[in-house]
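Student: I have a structure to go through. Can we take it in short steps?

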Amino acid sequence: MKFEIENKIASPEIQGEILALEEERVLRELEEITSQTNHLLGEGKTAEVWPLKGSEMLCMKVVDSDRLENMYENGSLPPFNSPEIEFDFLERVKEVTQAVHIPVPHLVLNIHTDEDRHVRIIVMEKLKAISLKDVHEGAPLPKNFNMTTFFARLRASLEQLHEAGIHHRDIAESNIMVMEETGDPCLIDFGDSASVMEGESPYTIRDDFGRVFRTYPNDKRSLGEVEKRLTAKLGTSLTKSK
Ligand SMILES: Nc1ncnc2c1ncn2[C@@H]1O[C@H](COP(=O)(O)OP(=O)(O)OP(=O)(O)O)[C@@H](O)[C@H]1O
Ligand SMILES: [Mg+2]
């Protein structure tokens with residue numbers, strides 16, 4: 001399969017030669033992963049996240065545009081979600097909040113293949129972290145994890161983001177990670193996020209006739225539910241940390 005890059009956006013951290021090198025690496029890696037499926041870092045409803053071989057620091061979130069288009073068409077995804085938008089949010093969110101870790105974005109590649117598939121990729125920092133979804137599925141929590149501080153920081157972060165008009169809109173176990181070394185929270189997956197002006201509703205999207213087109217879950221309420229489910233899972237003792 002032959003891949004061709006259509007466009008790219010580089011973060012300031014990656015420039016010139018390094019950028020060219022990363023592009024080359026991503027393409028090589030992409031050719032490889034199309035023929036194997038055994039070392040995924042994670043998977044969501046729109047994307048697969050792969051480590052970038054030979055790189056300690058980077059991973060790539062691969063979004064198959066056909067899958068995305070299908071989801072737009074059957075209404076399970078509003079047509080706002082795109083890797084470019086997610087990339088922009090990653091950059092902005094990092095400036096707004098230091099309370100939680102946010103993956104550093106590096107570049108977006110928009111790739112056409114000779115089989116007419118359209119793949120879009122975000123290259124970003126590879127997190128040494130596990131998701132709360134992993135924890136619910138039995139993964140042990142890092143030893144520095146502290147339930148109270150963890151959720152306090154997430155709440156503070158959401159507060160800062162909301163003040164800046166940014167709403168995540170997909171707060172769930174699969175999008176909250178725990179950093180392995182520090183036990184600190186990390187918020188990922190800004191693919192459903194929105195930037196709203198004061199007075200606008202961030203969670204209800206209306207069509208041109210004022211009819212409700214889609215509602216999103218409220219960030220703070222969702223975080224409360226995530227916390228409740230984790231508390232129920234762990235009990236109050238937290239003795240299950242590794
Ligand atoms: N930067 C990263 N480093 C390491 N693992 C990651 C990274 N980003 C995502 N992952 C893993 O991949 C999984 C899927 O990623 P992500 O949530 O971004 O995909 P998605 O398809 O947008 O998900 P959703 O179904 O929530 O829309 C995450 O739950 C996480 O386990
Ligand atoms: Mg996700």
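Tutor: Start with a term. Buried means under 20% relative accessible area, and exposed means over 50%. Note also that this is a predicted model.

Student: How many helices and strands does the protein have?
Tutor: Begin with the burial. Buried residues make up 47% of the 242 residues in the protein. The secondary structure comes to 6 helices and 13 strands.

Student: What share of the contacts with a separation of 6 or more comes from residues 24 or more positions apart?
Tutor: Take the contacts in the protein with a separation of 6 or more. Count those between residues 24 or more positions apart. Their share is 67%.

Student: Which residues of H6 are buried?
Tutor: H6 has 16 residues and reaches 22 Å from its first C-alpha to its last. That is close to the 22 Å expected at 1.5 Å a residue. The buried ones are Asp-219, Ser-222, Leu-223, Val-226, Glu-227, Leu-230 and Leu-234.

Student: Within what arc do the buried residues of H6 fall, seen down its axis?
Tutor: The buried residues line one face of the helix.

Student: Which exposed residues does the face of H6 turned away from its buried side carry?
Tutor: On the buried side, the residues pack against helix H4 (132-136), H5, strand S8 (166-167) and strand S9 (176-179). The face turned away carries the exposed residues Arg-221, Lys-228 and Ala-232.

Student: Are H5 and H6 roughly parallel or antiparallel to each other?
Tutor: Helix H5 covers residues 147-163, and helix H6 covers residues 219-234. Their axes are 11 Å apart, at an angle of about 170 degrees. Angles over 145 degrees count as roughly antiparallel. So H5 and H6 are roughly antiparallel.

Student: How many nonpolar, polar and charged residues does the contact of H5 with H6 have?
Tutor: H5 brings Met-147, Phe-151, Leu-154, Arg-155, Leu-158, Glu-159 and His-162. H6 brings Asp-219, Lys-220, Leu-223, Val-226, Glu-227, Leu-230, Thr-231 and Leu-234. By class, the contact has 8 nonpolar, 2 polar and 5 charged residues.

Student: Which residues does Ser-131 touch, not counting those up to four places away in sequence?
Tutor: Ser-131 lies in strand S7 (residues 129-131). Its relative accessible area is 6%, so Ser-131 is buried. Beyond four places in sequence, Ser-131 touches Glu-173, Ser-174, Ile-176 and Met-177.

Student: How far apart in space are Glu-91 and Pro-105, C-alpha to C-alpha?
Tutor: Glu-91 is in helix H3 (residues 83-96), and Pro-105 is in strand S5 (residues 105-113). Glu-91 is partly exposed at 29% relative accessible area, whereas Pro-105 is buried at 3%. The two are 14 residues apart in sequence. In space, C-alpha to C-alpha, they are 6.7 Å apart.

Student: And how far apart in space are Pro-105 and Lys-94?
Tutor: In sequence, Pro-105 and Lys-94 are 11 residues apart. Their C-alpha to C-alpha distance is 9.6 Å.

Student: What is phi of Arg-169?
Tutor: Most residues other than glycine have a negative phi. Arg-169 lies in the loop between S8 and S9, and counts as buried at 4% relative accessibility. Arg-169 is not a glycine, although its phi is positive, at about 70 degrees.

Student: Where does Asp-189 lie?
Tutor: Asp-189 also has a positive phi, near 60 degrees, in a residue other than glycine. Its place is in the loop between strand S10 (185-187) and strand S11 (194-195).

Terms used: Residues are numbered from 1 along each chain as its sequence is written. Chains are lettered from A and ligands numbered from 1 in the order in which they are written. This is a predicted model: local features need pLDDT of at least 70, side-chain atom pairs count only at pLDDT 80 or more; totals for chains, interfaces and linings use all residues. Side-chain values use heavy atoms; hydrogens and water are left out. Axes are lines fitted to C-alpha atoms, for helices over the stretch in contact, and angles run from 0 to 180 degrees between N-to-C directions. Helices (H or I, at least four residues) and strands (E, at least two) are DSSP runs, numbered from the N terminus. Angles under 35 degrees count as roughly parallel, over 145 as roughly antiparallel, 65 to 115 as roughly perpendicular and the rest as oblique. Contact means heavy atoms within 4.5 Å. Ala, Val, Leu, Ile, Met, Phe, Trp, Tyr, Cys and Pro count as nonpolar, Asp, Glu, Lys and Arg as charged, and the others, Gly among them, as polar. Buried means under 20% relative accessible area, exposed over 50%, partly exposed in between (1.4 Å probe, protein chains only). The expected span of a helix is 1.5 Å times one less than its number of residues. The arc is that of the directions from the helix axis to the C-beta atoms.
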